Amino acid sequence: MFTGLWVMLTMALVSPARAQTATTPLASRTNSSSADSARRPQNTAPVIVASKPFGESFLLGEMLAQLLERSGRRVERKLGLGATDVAFQALRNNAIDVYPEYTGTGLVAVLGDSVTAAMRADPRRAFAHVATASRQRFGVTWLPPLGFQNGYAIAVRQETAQRWHLRTLSDLAIAPGTLTGGFTSDFIGRNDGWPGVERAYGLRLKAIKPLAPAIKYEALSQGAVDIIDGYSTDGLLAKYALVTLEDDRHFFPPYDAVAVVSPRLSQADPDAIAILTQLSGRLTEADMRAWNRAIEVDAEPIPAVARRALMALGLGDSTATISTGTQASQQGFWAFFWARRVETLRLAGEHAWLVAISLLLAVLVAVPLGLWLSSRPVVAEPVLQLFGVVQTVPGIALLVFMIPLLGIGVVPAIVALWAYALLPIARATYTSVRLADADAVAAIAAMGATTRQQLLWVRLPLAAPVILSGIRTAAVITVGTATLGAFIGAGGLGEPIVTGLGLADSRLVLSGAIPAAAMALLVDAALAATARALAPAHLRQD
Amino acid sequence: MPTAVAQTVPGRVSPSEIARMSLDLRVTSLTHRYGSVTALHDISIHVPAGSLLALVGESGSGKTTLLRSLNRTIDPAPGCVFVDGHDVVTLDAVALRRRIGYVPQSGGLLPHWTIGRNVALVPTLLGHADPLAEANDALALCGLSPSDFSHRYPHQLSGGQRQRVALARALAAKQGALLLDESFSALDAISRSDLHDAFASIRSSLGFSAVLVTHDLGEAARLADMIAVMRAGRIEQLGSLHELLTSPATPYVDALVSRARASARVLVNA
């Protein structure tokens, strides 16, 4: 029973079609208008539906996907992509076709435009601006809004609200320097986040703690923080009986939910646009809160909730059975973990594949490069420093940079993991080969060993343990970093982690994190054994 | 000399073979610079086949540079190096090096190779049929029982034993000349003395030519036919031990000789 529910959930997140596109560079989808559509008949190209990694976005993405499937179209799901920058980059480059976005986010995070008073007062003006500017700058289409807003909801516990008589954000000025904020790092940093709120309302907090979205509500209810940034349709607002403070000075821009469509889809399939538009204006904030709650609090499978929602709107498929997954939320961790074992194994396979390919490519490049550099120390330092710079680029940023070139999916993930693995292997090779017993090398060179023999007989064998330790370091890093692949739809054990973080489901997070940690240990042990087997003979004696 | 050969390795090397094997080494007007530093100034030496020339001097005197020019580890220019009458720049450097043994101060053995494999290096490089058999002969010649040593690794041996292995490696392919770069300097006094005796005996049996770099005049006196005293890239005096002792050509040679005499006298009078 539980297995069934979770397989349904994960089937929705990981469509079978993914495996197929996983091996074809998604970059081939970019600039689809000419070459791509000529090569591939349009009726066979699946529509790629994506979402950002939080509950409501998963749900809206799933609803859009089911609507398209009902029309007989092939749909590929890439739900839970990194964040706004990953998803929007992927969309404008035609690596995905449609995902749910919010007008305020489009204004501030995508366009970087200032929010006028007129836009704050009238959500329709905000939408008009975002839609026009996005079409002009990126060719991206914003369909008519879905009908509800999901804006920032600054929330406090009921007791806090009663004690300080808080109803609006203005009221917060009454209690300066006594409350502790717990915000997502996004909200702490962005000008349309807390810094802006502070200025607009003249507020001051005792302290601000950066919190992961998944633990915000828990931290607030347990009193670790007093005030958090939520979203107005969060299911958890209701679960914890929190009070949201009204934005009485209209600081926040409107956040109307909208389906945004890629340049490719809007040109290639106008009928699909018409189908997606069926949802426009149909969703209310109250409905969304209820459905989000079903996902986030009751841990119901997203496909089932999406189906139920579409049925309620008269857009559903009556033959579908509806299950209520309440038991899943009561399952203990180990039972849950056991129920997911087949899925976990499949994801571990994907993960191992990502790691193996990128590590193999890194070894094939970094070891010869390290050898080449070992006789050219003047070139070596700049080259290795360049690799060091790559190492300092945050994983997500590297992935975002590559979307215009490689799209999303397995290929950019492998390229990124490969780039990260280069430095430890190249440096270990370079250093160890240079330092390998200079006297022995000089002696056999003086007696007529060729450069190649010096390398193969002395330098490499003596350097092997250090090179392998570099590979071990790279391998462990890669196993960990590969979880980021889930942010760009590359699959692997990062998938339940990303989904779990989005749904505040720690069991789901652990069901990815624990196997990933185990895999890191396993890879390390396997390479340690290899290192022992390849150790130079004299180190294996006595 | 021929009788000594017969006693050490009966029937193995005849006097005519010795003459054929050992190389005549000659350096004419060799100058060598490392950047702006001149390591060798217009050096000329001759090592007749079967003889041993010692290059004595302080570190930086140019003796190792001169040694390295003999197997083309550094290219002579300007100046010429002749091996058996052939200008080395006309010879293939790798092939040349396989004909000349080399014994560095540290031994320079490959730590991950057994003693047998280390000693078999040059026969292996030359593609000989049974390099390990040649290695075993060379080990025995250097006073190490092949059955005890050939399967062991360098780190399992004493310093003196390692230098014997390095010596065996340098002559395993019956090289016609040996280059010894402070080969005995790092050993304790007893091991060094034992190895001096062993080396003198091996040389008299095989008859190879040799150039020995050393800072120790006593060692040169014990092993060399001719001694070149070097200083700052120049040869101060080139002659027999007797010539150095009786008529030192420069104040430096005089000082070197008198210091060596003084330390020897202390031991003799004690």
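**Exercise 1. Determine the handedness of the crossing of α23(A) and α25(A), and how the two helices are oriented.**

Solution.
- Handedness: the crossing of α23(A) and α25(A) is right-handed. A crossing is left-handed if the near helix is turned anticlockwise from the far one by less than a right angle, and right-handed if clockwise.
- Helices: α23 of chain A covers residues 410-435, and α25 of chain A covers residues 451-481. Helices (H or I, at least four residues) and strands (E, at least two) are DSSP runs, numbered from the N terminus.
- Geometry: their axes come within 8 Å and cross at roughly 160°. Axes are lines fitted to C-alpha atoms, for helices over the stretch in contact, and angles run from 0 to 180 degrees between N-to-C directions.
- Orientation: α23(A) is therefore roughly antiparallel to α25(A) (under 35 degrees is roughly parallel, over 145 roughly antiparallel, 65 to 115 roughly perpendicular, the rest oblique).

This is a predicted model: local features need pLDDT of at least 70, side-chain atom pairs count only at pLDDT 80 or more, and totals for chains, interfaces and linings use all residues. Residues are numbered from 1 along each chain as its sequence is written, and chains are lettered from A and ligands numbered from 1 in the order in which they are written.

**Exercise 2. Find which residues have the most contacts inside the largest nonpolar core.**

Solution.
- Core: it has 226 residues. A nonpolar core is a set of buried Ala, Val, Leu, Ile, Met, Phe, Trp, Tyr and Cys residues joined through C-beta atoms within 7 Å. Buried means that 20 or more other C-beta atoms lie within 10 Å of the residue's own (exposed: 12 or fewer; partly exposed: in between), with C-beta atoms placed from the backbone.
- Residues: A:Ile425 and B:Ala168 have the most contacts inside the core.
- Neighbours: A:Ile425 touches, among others, A:Ala362, A:Val367 and A:Gly470. Contact means C-beta atoms, placed from the backbone, within 7 Å.

**Exercise 3. State how α25(A) packs on α27(A).**

Solution.
- Geometry: α27 of chain A spans residues 506-534, and the axes lie 9 Å apart at about 170°.
- Orientation: α25(A) and α27(A) are therefore roughly antiparallel.
- Composition: the contact residues divide into 15 nonpolar, 3 polar and 2 charged (Ala, Val, Leu, Ile, Met, Phe, Trp, Tyr, Cys and Pro are nonpolar, Asp, Glu, Lys and Arg charged, the others, Gly among them, polar).

**Exercise 4. Count the residues that each chain gives to the contact between chains A and B.**

Solution.
- Count: chain B gives 19 residues and chain A gives 18.
- Class: the chain B side has 10 nonpolar, 7 polar and 2 charged residues.

Technical notes: Two residues are in contact if their C-beta atoms, placed from the backbone, lie within 7 Å. Lists of a residue's contacts leave out its neighbours within four places in sequence.
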